[in-house]
Every structure is written in C-alpha cells, then in structure tokens.
Amino acid sequence: MDNIVEIKNLTKSYKDFTLDNLSFNVPRGSVMGFIGPNGSGKSTTIKLIMNLIKRNSGDINIFGLDNLKHNKEIKQKIGFVYDENYFYEELNILEMKNIIKPFYKSWNNNLFEKYIKEFELPKKNKIKTLSKGMKMKLSLALALCHNAELIIMDEPTSGLDPVFRSELLDILYNIIQDENVSIFFSTHITTDLEKIADYITFINKGKLVFSQTKDEIIDNYGLVRGSKDLLDNDTRGEFVSIKETGFGFEALTKDILRARQLFKGKGVIEKASLEDIMVYTVRGNV
C-alpha cells in the first residue's frame, strides 16, 4: 500500500507554540482520523499540508510530490471541507458551482449533478437558506467533483445533529470504497472516528503521541479501576496516567494484556475508547 501523504520531521515554530518533529503517513484508500485537544497543532498541521503557511523544517510529500515545489498540481487533486463554509450566501448552489468550477481542470459536472441529487440539495435555493448540515453536504459535493484523491476535513461534523452526522459518515464510508481516495479527518468527536477510521494520528502540545491503525489502538489500550492499595511505585509505572479519588483509582494503560496479568482478579479492566485515550493522555495524573 502506498501513501498519499508522507510527513517527516515536520517543524513549525511560533512565539508560544512549536509543532515539533512530526512524522506520520496517510495510506492510499484509507480514512486517517486526526485527534488532539485545542492548541495541540491540528490546524497548524493542516495549514502546512495545504501550503498555507511555511514550515521551518521537515518534508511533506503528497501524491509523491513535494508540497512546496508542486503546490498547484497537488491542489488540483485535493478536496477541502472545513467546519465553517466560506460561500457567497446570496448565491444559489448552481451559481456557487459556476464560480468554483473554473479552478479545476478535471471538474466533472455529471459527478456534481449526481451528488446534488444524492445529497438532496436544492440547486436553486440561496446558500443562506441552507442548514449547517446541508452546507456541509454542499462542501463535500464541491470537494468531490474534480476527482479529488485526498479529502481533507477539518471538524466536518461539529455542530451537526446526530442524524446529519450519521448520514455524513455513511457518505464518507461510501466514498472510501474507491481505494484511490483517502480522507484526512480532523475532529474532536472521536466516536465518529471509531465508526469509520482505519488509522488514528494523535498529537498533543505539538508532539506526536501515536499514529497507528485504529484496531491496534482499541485492542491495546485499556482502563483499569480498583482500590488504591493496588497502586505502588511499580504498578504506577504501568500506566499512561492515573486519576485518584477518595474511593480508588482509574488509570489508562497502553498494554491491556499486561494489565490483565498484573491485576488478575483485582479491580475492573475494560477497553478504552478513543475519547478515554485522549482525555487521560492530555490530562496526566490527577
């Protein structure tokens, strides 16, 4: 399997923040979930991939090409879906399409019509009359209609009701059946990624925590709950982070099999969700 995106030793420094030596790949034909708390560097990473800001060091290759030297060529094959839509609100869908269409050499009008029908979008309605969910569908339709091979999504399900979110995830699942297309999906809603992601990249404070298959992460991480007498210097070292209360503790391990051996018959051990993993890693010991 080749990679659509390859990021190696990527660094970007600001006065009060540094994206520090970030490396990960996005395999072709996959959904890469991109997670981290606010201020972790997700938006900076996306801007660097998009060549909207300049990196201090490192490499970004997209479709096997350096994203600085081949900026225009690369952007012809990328579709963008952001949490906020930057449409001309007084225009209707067709008028908006006619503005965007000339920017792409491989625009496919038949594909546009297909998605507009499939997404049940009213072509002649002014964009300002559309719901947030419908605007998100319009963004996705426009992103897909020039035969994009990489779809970059920044918080696409934020603010959508559960029905629209589920519908959007179904659409993404169908898109990814084309094994030439990859989706880079940055979101705070980790339950969405548990449904459709193949890989998860997690960053915190500008540093990579992990970039692995979702299955590896879900299989290996776990939550351990028990009384405080189970904790000593040795067992504390087994955990990513520990939350202690007056009644006991809850802790995150990245090796659930080892935890089951150590705490056999003691406490409760269960698999951790992506949200658990992110919260405990960011929060540390409390």
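**Setting up.** I worked from a predicted model, in which local features need pLDDT of at least 70 and side-chain atom pairs count only at pLDDT 80 or more, while totals for chains, interfaces and linings use all residues. Residues are numbered from 1 along each chain as its sequence is written, and side-chain values use heavy atoms, with hydrogens and water left out.

**Whole chain.** I looked up the secondary structure and found 11 helices and 14 strands; helices (H or I, at least four residues) and strands (E, at least two) are DSSP runs numbered from the N terminus. The C-alpha trace spans about 70 × 40 × 35 Å along its principal axes. Of the 286 residues, 48% are buried, where buried means under 20% relative accessible area, exposed over 50% and partly exposed in between, with a 1.4 Å probe and protein chains only. I also looked up contacts (heavy atoms within 4.5 Å): among those between residues at least 6 apart in sequence, 68% join residues at least 24 apart.

**Largest pocket.** A pocket here is an open set of points on a 1 Å grid over the protein atoms alone, where a 1.4 Å probe fits, with protein on both sides within 12 Å along at least five of seven lines; lining residues have an atom within 4 Å of a point. The largest one has a volume of about 620 Å³, a volume being the space filled by probe spheres set on the points, which are joined across faces, edges and corners. I noted 23 lining residues, with F80, Y82, I100, Y104 and L142 nearest the centre. Two or more lining residues come from each of α2 (71–75), β6 (78–82), α3 (93–100) and α5 (132–144), and β6 gives the most, with 4 residues. By class I recorded 14 nonpolar, 6 polar and 3 charged residues in this lining; Ala, Val, Leu, Ile, Met, Phe, Trp, Tyr, Cys and Pro count as nonpolar, Asp, Glu, Lys and Arg as charged, and the others, Gly among them, as polar.

**Second largest pocket.** This pocket holds about 240 Å³ of space, and of its 14 lining residues Y115, L144, I175, D178 and V181 are the closest to its centre. At least two lining residues each come from α4 (109–118) and α6 (162–175), with α4 giving the most, at 4 residues. The lining divides into 7 nonpolar, 3 polar and 4 charged residues.

**Helix α3.** Which residues of α3 are buried? I found I93, M96, K97 and I100. Seen down the axis of α3, these buried residues fall within an arc of 100°, so they line one face of the helix; the arc is that of the directions from the helix axis to the C-beta atoms. The cover over them includes α4 and α5.

**Helix α11.** In α11 (residues 274–283) I listed L274, I277, M278 and Y280 as buried. G284 follows this helix and has a positive phi, near 75°.

**Two single residues.** I171 lies in helix α6 and is buried, at a relative accessible area of 9%. Leaving aside neighbours within four places in sequence, I171 is in contact with F119, K137 and L140. T11, in strand β1 (residues 3–13), is buried with a relative accessible area of 14%, and its contacts, with the neighbours within four places in sequence left aside, are T18, L19, D20, N21, R55, N56 and S57.
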